[in-house]
Amino acid sequence: MVTAGLGFLLGLSIGLLLWWQQRSRSDAKIKTLVRTLRADEESGLSSTSQLTAAIATQQKIRQQLEQQLESYRQVLHSAPVGYLQVDDENRLIWCNERARELLHMTQEHSPRPRLLLELVRSYELDHLIEQTRNNKKPCQSDWTFHPASPDPSQLSKQQAYALRGHGFPLPWGQVGIFLEDRQEAVTLMQQRDRWASDVAHELKTPLTSIRLVAETLQSRLESPLRGWVDRLISETMRLGTLVQDLLDLSHIDRGSSQCLHLKTTDLAELIQAAWINLEPLARKKQLHLDYVGPEHLLIQIDEPRLYRVLINLLDNSIKYSPPWQTIRVQLQPEEPVADTPENAGAIAKWVYLDIIDAGLGFAESDLPHVFERFYRADPSRSRTISTSEGKTLPEPATDVISVTDDLRNYGDDRFDLHRGSGSGLGLAIVKQIVEAHAGSVTARNHPITGGAWLQVCLPWQT
């Protein structure tokens with residue numbers, strides 16, 4: 001009986017507690033509503049007046065936004081670079097006057113969006129727009145634009161020029177493109193290269209004469225004076241290498257892929273031949289080659305030119321590797337699998353050549369520029385090296401004659417390499433030759449060794 005009474009009292013207490021909480025919430029809501037009604041009465045505004053005031057405020061904000069938008073359009077309209085914007089269906093929404101000039105848009109922009117393809121015939125521009133939309137991040141592309149004219153008589157008068165496009169993804173699938181005229185910069189680069197080529201041609205003959213005179217005096221002088229002549233010959237050959245590098249770059253630029261003489265070559269054997277010719281330099285620092293790849297790999301290449309690529313890359317690895325280290329060369333053929341029905345019938349075959357050393361690697365600030373002409377990397381990549389015994393070793397002395405004599409035993413003499421030129425043209429030549437083969441080359445630092453990691457990618461055609 002006592003237990004039943006306690007249960008009844010407990011249930012009654014819980015019910016009263018819940019009722020009190022609900023009552024408190026209702027009172028709070030009523031007080032809030034009363035305060036709101038009193039505020040409306042004090043303001044003296046009816047519901048209609050409040051709605052009218054809110055509409056006026058929104059209209060004012062809209063006018064301010066429209067004014068800002070018009071100001072931005074005026075800035076873009078008078079900007080020295082072109083700008084155009086397309087929707088998710090590649091219809092032109094808006095463009096400024098500079099873009100109209102760069103893309104030779106003869107038709108006036110209509111208020112109704114039109115397909116960009118109807119106004120501009122440029123595959124590269126369309127590809128940049130699609131790449132930006134698919135990647136959902138800014139993209140950049142350089143190309144040569146060939147203006148189209150409905151009048152056939154004007155086709156011969158219109159000159160092609162270089163353009164650079166910067167794509168930016170926008171909401172709702174839209175894409176904005178900034179266009180930059182690069183023709184002046186390209187012209188200046190061509191003039192610079194032409195000037196360097198002309199100077200190289202003019203220097204080649206007197207350098208040959210100086211070297212012949214020095215070699216004649218070499219056998220006629222006594223031992224104390226012969227060292228000066230040896231140094232003169234060495235520096236003359238070093239300068240001759242720079243001249244030959246400039247001529248090679250000029251020759252590749254003019255002919256591009258047309259200057260290549262392709263033939264079926266065993267790339268694995270070519271790597272071994274390049275290492276054998278540089279082995280005297282590697283032996284001085286007790287460096288070893290670790291080759292990973294097939295014993296034979298037939299590929300269509302210009303043998304002397306790709307041999308020059310291997311010499312330049314291996315020479316750099318030997319120069320910047322500490323003593324008693326290993327230079328890793330990995331050759332890997334690969335067949336990427338087509339992942340879409342559109343490209344299933346054209347599967348590209350590629351060969352990847354990786355050269356990895358255990359040196360100091362590239363500075364992050366140098367990586368974007370290592371393939372530029374005359375660019376010299378950070379001095380830290382050529383400083384002295386400390387050995388395990390605590391001694392400091394300088395970089396190995398230049399051994400021009402031995403390497404030159406070795407290289408003359410292979411291929412065309414026009415592609416000889418004189419070690420120690422230090423002109424900043426070695427990797428530039430590598431890039432030009434690889435791109436002439438429709439390949440690519442990249443530079444980065446290896447995550448394990450910390451040294452330089454250069455990868456050459458070539459199309460595989462046997």
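Let me start with a cluster: Y83, W94, F168 and F178 are linked by ring pairs. Rings of Phe, Tyr and Trp (for Trp, its six-membered ring) pair if their centres lie within 6.5 Å; planes under 30 degrees apart are called stacked, over 60 edge-to-face, and the rest tilted.

Before going on, some ground rules. This is a predicted model, where local features need pLDDT of at least 70 and side-chain atom pairs count only at pLDDT 80 or more, while totals for chains, interfaces and linings use all residues. Residues are numbered from 1 along each chain as its sequence is written, and side-chain values use heavy atoms, with hydrogens and water left out.

Back to the rings. A pair of aromatic rings is described by the distance of the centres and the angle of the planes. By the ring rule, the count is four aromatic pairs. In one of them, the ring centres of Y83 and W94 are 6.3 Å apart and the planes stand at 45°, so this pair is tilted. Y83 belongs to strand 1 (residues 82-86) and W94 to strand 2 (residues 91-95), eleven residues apart, and the pair links these distant parts of the chain. Helices (H or I, at least four residues) and strands (E, at least two) are DSSP runs, numbered from the N terminus.

Buried means under 20% relative accessible area, exposed means over 50%, and partly exposed is in between (1.4 Å probe, protein chains only).

Now the pair F168 and F178. The centres of these two rings are 5.7 Å apart and the planes are at 85°, so the pair is edge-to-face. F168 lies in strand 5 (residues 161-169) and F178 in strand 6 (residues 175-181), so the pair ties together parts that are ten residues apart in sequence. F168 is partly exposed, at 35% relative accessible area, and F178 is partly exposed too, at 27%.

The charged end of R444 sits over the ring of W453, 4.0 Å from the ring centre. The rule here is that NZ of Lys or CZ of Arg is within 6 Å of the ring centre and within 35 degrees of the ring normal.

Next, the nonpolar cores. A nonpolar core is a set of buried Ala, Val, Leu, Ile, Met, Phe, Trp, Tyr and Cys residues joined through side-chain atoms within 4.5 Å. Which residues touch the most other members of the largest nonpolar core? They are L267, L313, I318 and L331, in a core of 55 residues. Helix 8 (residues 267-284) gives this core its largest share, ten residues. Setting aside residues up to four places away in sequence, L267 touches L297, I299, I301, L306, L331 and V351. Another core, of 22 residues, lies apart from that one, and its members include L102, L116, I129 and Y161.

V370 is worth a stop. It is found in the loop between strand 11 (350-356) and strand 12 (385-386). V370 is buried, with a relative accessible area of 7%. Leaving out neighbours within four places in sequence, V370 is in contact (heavy atoms within 4.5 Å) with F362, Y375, L427 and A443. V370 and L427 are 57 residues apart along the chain, yet their C-alpha atoms are separated by 6.9 Å.

Now charges. How many salt bridges does a search of the whole structure find? The search finds 14, a salt bridge being a side-chain nitrogen of Lys or Arg within 4 Å of a carboxyl oxygen of Asp or Glu. In helix 6 (residues 183-218), E215 and R211 lie four residues apart, about one turn of the helix. Their side chains meet in a salt bridge, at 3.0 Å from N to O. E215 is partly exposed at 32% relative accessibility, and R211 is partly exposed at 25%.

R305 forms a salt bridge with D302, the closest N and O atoms being 3.9 Å apart. Here R305 is buried at 5% relative accessibility, and D302 is buried at 3%. Elsewhere, D87, E89 and R91 are linked in a network of salt bridges.

Last, the cysteines. The structure holds zero disulfides, a disulfide being a pair of cysteine sulfur atoms within 2.5 Å. C95 is buried, at 7% relative accessible area, and C457 is buried, at 9%.
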